[in-house]
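This briefing covers charged side chains: a surface patch, then salt bridges.

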Amino acid sequence: MQRSLPLTQPDVPAGVRLRPQAPDDADALGALYWDSYPKGVAAVDLEDAVEEMEGVFAGEYGTPVEQASLVVEDADGTLLGCVQTVTSPPWEGIPAVPFVIELFVHPDHRRRGLGTLLLLSAAEACHRLGWESIALNAQEETSADAFHLYRRLGFTEISPVGAVDG
């Protein structure tokens with residue numbers, strides 16, 4: 001899915017703070033990632049989830065866009081959600097624009113606008129950096145709530161780059 005920029009300005013819900021993710025967050029991000037997805041969907045166990053997050057910082061999934069890779073935390077510093085954005089992801093068919101590789105919010109904190117905050121903030125950062133659009137991957141079958149959010153924000157389905165209709 002892809003969306004031209006800019007998008008609307010995000011509203012920050014009360015009691016939370018948005019900041020760039022940092023390599024020191026890898027363990028907490030891994031735990032949040034593990035808790036945010038159904039077991040076995042995104043990682044096989046907590047250790048695998050932490051390794052996935054370390055891989056993001058190491059550039060295994062593309063070059064991180066630091067200003068558009070953000071976490072939202074509560075007043076105690078507990079991570080509640082995360083968006084990770086890269087350029088040049090290693091998968092075929094991805095448009096040459098910033099690409100959201102992950103957007104996840106802890107199940108206990110969903111429906112508070114945190115996913116919207118994260119995605120709009122990442123899009124705003126990409127726009128400030130001079131990009132004209134942002135893309136992500138979503139399947140309605142695996143994440144209906146996320147798919148609904150993306151559609152509500154104006155993301156539209158696109159054909160993979162280089163795909164041939166046949």
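Which helix gives the most to the negative patch? Helix H2 (residues 46-57) does, with 3 residues. The model is predicted: local features need pLDDT of at least 70, side-chain atom pairs count only at pLDDT 80 or more, and totals for chains, interfaces and linings use all residues. Residues are numbered from 1 along each chain as its sequence is written, and side-chain values use heavy atoms, with hydrogens and water left out.

**Negative patch**
- Asp27, Asp45, Glu47, Glu51 and Glu54 form a negative surface patch (residues with over 30% relative accessible area and no salt bridge, like charges being joined within 9 Å).
- Glu51 is found in helix H2 and is partly exposed, with a relative accessible area of 42% (buried means under 20%, exposed over 50%, partly exposed in between, with a 1.4 Å probe and protein chains only).

**Salt bridges**
- The count comes to 5 salt bridges (a side-chain nitrogen of Lys or Arg within 4 Å of a carboxyl oxygen of Asp or Glu).
- Glu73 and Arg17 meet in a salt bridge at 2.3 Å, N to O. Glu73 is in strand E4 (residues 70-74) and Arg17 in strand E2 (residues 16-20), 56 residues apart (strands are DSSP runs of E, at least two residues; helices are runs of H or I, at least four).
- Glu73 counts as buried at 5% relative accessibility, whereas Arg17 counts as partly exposed at 45%.
- A salt bridge also joins Arg19 and Asp25 (2.9 Å, N to O), and both residues are buried.
- In the salt bridge of Arg111 with Asp145, the closest N and O atoms are 3.2 Å apart.

**Network**
- Through salt bridges that share partners, Arg17, Arg19, Asp25 and Glu73 form one network.

Conventions: Patches are made of residues with over 30% relative accessible area and no salt bridge: like charges are joined within 9 Å, nonpolar side chains (Val, Leu, Ile, Met, Phe, Trp, Tyr) within 5 Å. Accessible areas come from the Shrake-Rupley method with a 1.4 Å probe; for residues, only the protein chains shown count as cover. Lys and Arg count as positive and Asp and Glu as negative; His and the chain ends are not counted. The place of a charge is taken as NZ of Lys, CZ of Arg, CG of Asp or CD of Glu.
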